[in-house]
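Hi,

Here is the structure I promised to pass on. Have a look at it first, then read my notes below.

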Amino acid sequence: MNKQESERIITEYVKPIFGFALKRCKNLQDAEDLSQEIAVKIFHALINRDDIEDEGKFIWTVAHNALSNYYRDGGKNCIGVSLDDVSETFCESKTDIESELSERETVQKLQSEIAYLSKTQRRIVIAYYYENKRQNEIAKELNIPVGTVKWHLFEAKKELKRGMENMRTSGELKFNPVSFAVCGTNGIVGSKGHNGNFLRSALSQNIAYAVWREAKTVNQIAEELGVSPVYVESEAKYLEKYGFLVKSGEKYLCNILIDEMTPDVTALHDEMYEKAAKIFADELYGELIKSKIWENPNILGGYTCDISFESSGKKDVNFFLWALIPFIAGASGENIVDKSASFEDAATIRPDGGQNICYANVLNGQSALPKYFESIKLWKGPSQNGISGLSLWQVDSEWSEKRIDDDFHRNVLNSLNLLKHQLNGNELFEEQIAFLVEQGLLKSIGEPDKLFKSELQCIWIEGEKTKKALISIGDKIREKHKDEFFALRKPYEEAVLQNTPKHLQKMQMYGLQHTFYYDAWFILHCLKFLVNSGKLKLPAEEQKKALSVIIIHE
C-alpha cells in the first residue's frame with residue numbers, strides 16, 4: 001500500500017485508537033504512549049503489505065496485540081478490557097483474570113475523574129473521546145469557538161492526569177450518612193408546600209449537612225459523600241434556587257438550622273421543657289377548671305356529642321381544655337419575648353412564595369433523642385390563618401387527625417370565607433355545609449332543604465376582648481415564674497448557640513427567642529404532663545377531626 005493511502009487510514013483511525021487506549025490505561029500519559037505505538041505499528045504494516053482485505057479488522061487486531069504486549073511488558077496496569085474483547089489475543093490464565101480486575105478498577109477511576117471535571121469540560125471530553133465528535137461539531141453544539149474547545153481539552157487532560165495520580169478520600173458521610181428525622185417550616189409555606197418536600201432524599205439531606213459548618217465546592221461535597229459530582233451538581237443547584245443553600249463563588253453553604261441532638265444538649269432540652277411545662281400546665285389547668293371557662297357565653301362550640309332537633313348537644317369540658325390549653329400555652333408570654341432578632345432578617349424568601357426558616361433534626365450514631373421525639377414527629381403547628389374579622393388557630397398532634405398539610409392554607413381560607421358569609425346572614429348551600437363538616441368545624445343533623453340543624457364542633461372565641469382575657473391567664477403564670485423559666489432556658493440556649501455555625505447564628509437566635517412562646521415542644525410537654533397525670537382525658541375518636549381547633553371572631 002502506498003504512503004498516501006496509509007496516512008489517510010491512520011488519520012481516520014487516530015482518534016478511535018486514542019479512545020480505545022484511553023479507556024484501557026490508568027492515566028492519559030500511558031494512553032497517549034499506547035495509541036502512538038499502535039499507530040506506528042499499523043502505519044509500517046500498511047506500507048509493507050498489500051494483502052489487507054478488511055482494514056478495520058486488521059487495525060483492531062494490531063491494537064489488541066499491542067495492548068496485550070503493553071500490559072505484559074513491565075507489569076503495567078491496563079483497564080476496561082473484557083474477556084470477550086480480547087479472547088483472540090489473551091489467554092485465559094489466572095494472571096490475565098487478575099489483570100482484568102485491575103483494569104476495570106482503573107477504568108472506574110478514570111470515569112470517576114471525568115465526573116470531577118467542570119460541566120463544560122466534562123461535556124467536551126465525553127463528546128470528543130466517547131462519542132467521537134469532531135471539535136468543530138462540539139463547538140457548534142456548545143456555541144463556543146473551536147479554540148475554546150481545544151483549550152478545554154488541554155486543561156481537562158491536565159486535570160485527569162492529576163486526579164489519576166492522586167487518591168481521593170471520601171468522608172464519613174459515604175458510609176455513615178445522616179438522615180433528617182424531622183424537617184420543619186417556621187413561617188409561611190409557598191406553592192410547593194412544606195420544606196420537607198424539598199429535602200426528602202438522602203442525597204439532598206447529606207448535601208445540606210456536608211456544608212452546614214463550612215462552605216464547599218461541588219467536587220468537595222462529592223468527595224465527602226463518595227458520590228459522583230454530576231449528581232451533586234444538579235441537586236445543589238436546585239437547593240440553592242429555593243434558598244436551602246447559598247452560593248458564594250464556586251462554594252455552597254447550608255441555609256438550614258440543623259440540630260444534631262448531642263447527649264448534653266438533649267439532656268438540657270428535656271430538663272428545661274419538663275420542668276417548665278409541669279409548672280405552667282398544672283397552674284393553667286387549675287385556673288381554667290376554677291373559672292369554668294367553658295361557661296363563658298363568648299366561648300362557644302364544643303358540641304361533640306350527638307345533637308338533636310329538640311336541643312343542642314352538650315358541651316364537652318375535656319374537649320374545651322384540649323383547645324384552650326395549647327392555645328394559651330402557645331399564645332401567652334409575648335410581652336416577655338426578646339425581639340432583638342426579627343423574622344424578616346432570619347427568614348428566607350423562596351421563589352415559590354414561601355417566607356420561612358427551615359429546621360431539621362439530624363440522626364447519626366451519636367444522636368440522643370429528646371423525650372417525646374416520636375410525638376413531635378407527628379406534630380404540626382401552631383398554625384394561624386385568617387381573613388378580615390376571622391382567624392383559625394390549630395395544632396395537629398398524635399391525638400388528632402392529620403389536617404395541616406399542603407392544602408391546609410387553602411382549606412382554612414375557604415372555611416373562613418364560608419363562615420363569614422353565614423355570619424353576614426346568608427344561607428350556605430348543601431355542599432358548603434358538607435365542606436365545613438368535613439373540615440371538622442361543624443356538626444350537622446338532617447338534610448338541607450328539609451329538616452336540618454348544624455352546631456359548632458370546634459371552639460369559637462367571640463371578640464378580641466375574650467381572646468385577650470384567655471391569653472392573660474397564661475401571661476400571669478409566666479410573669480409569676482419569669483425568673484425560674486429564664487434560669488431553665490439559659491444553659492440550653494447557650495449550648496445551642498455554641499454548636500451553631502456563625503452564618504446561622506441570627507436564624508438560631510430568632511428561634512430561641514420563642515422558647516416557651518408559640519413553641520411546639522413546650523405545648524407538647526404541657527399536654528403530655530396533663531395526659532400522664534390523668535387531668536386531661538384522651539379524646540373520643542369522633543372528636544379528633546376538630547381537636548385543638550379555635551376560630552376567633554374579632
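What follows is a quick tour, from the whole chain down to single residues.

First, the ground rules: this is a predicted model, where local features need pLDDT of at least 70 and side-chain atom pairs count only at pLDDT 80 or more, while totals for chains, interfaces and linings use all residues. Residues are numbered from 1 along each chain as its sequence is written, and side-chain values use heavy atoms, with hydrogens and water left out.

**Overall**

The protein has 20 helices and 14 strands, taken as DSSP runs (H or I, at least four residues, for helices; E, at least two, for strands) and numbered from the N terminus. It has 554 residues, and 48% of them count as buried. Buried here means under 20% relative accessible area, exposed means over 50%, and partly exposed is in between (1.4 Å probe, protein chains only). Of the contacts (heavy atoms within 4.5 Å) with a separation of 6 or more, 72% are between residues 24 or more positions apart.

**Helices 5 and 6**

Helix 5 (residues 119-130) packs on helix 6 (residues 135-142) at an angle of about 140 degrees, and their axes are 10 Å apart. The axes are lines fitted to C-alpha atoms over the stretch in contact, with angles running from 0 to 180 degrees between N-to-C directions. Arg123, Ile124, Ala127 and Tyr128 come from helix 5, and they meet Gln135, Ile138, Glu141 and Leu142 of helix 6. That contact divides into 5 nonpolar, 1 polar and 2 charged residues; Ala, Val, Leu, Ile, Met, Phe, Trp, Tyr, Cys and Pro count as nonpolar, Asp, Glu, Lys and Arg as charged, and the others, Gly among them, as polar.

**Helix 9**

Val218, Ile221, Ala222 and Leu225 are buried in helix 9 (residues 218-225). They sit on the same side of helix 9, because they cover an arc of only 100 degrees around the axis, the arc being that of the directions from the helix axis to the C-beta atoms. Their cover includes helix 8 (202-210), strand 2 (216-217), helix 10 (229-241) and strand 4 (251-254). Glycine 226 follows helix 9, with a positive phi near 70 degrees.

Most residues other than glycine have a negative phi, and most peptide bonds are trans. Here are some exceptions.

- Asparagine 143, in the loop between helix 6 and helix 7 (146-165), has a positive phi near 60 degrees and is exposed at 71% relative accessibility.
- Methionine 261 has a positive phi near 55 degrees. This residue is in the loop between strand 5 (257-259) and helix 11 (263-291), and is buried at 1% relative accessibility.
- The peptide bond from glycine 381 to proline 382 is cis, with omega near 10 degrees; proline 382 is in strand 9 (residues 380-387).

**Across the sequence**

Which residues does aspartate 282 contact, leaving aside its neighbours within four places in sequence? They are Ala277, Phe529 and Lys535. Aspartate 282 is in helix 11 and partly exposed at 33% relative accessibility. Its C-alpha atom is 9.6 Å from that of serine 533, 251 residues apart along the chain.

Over to you!
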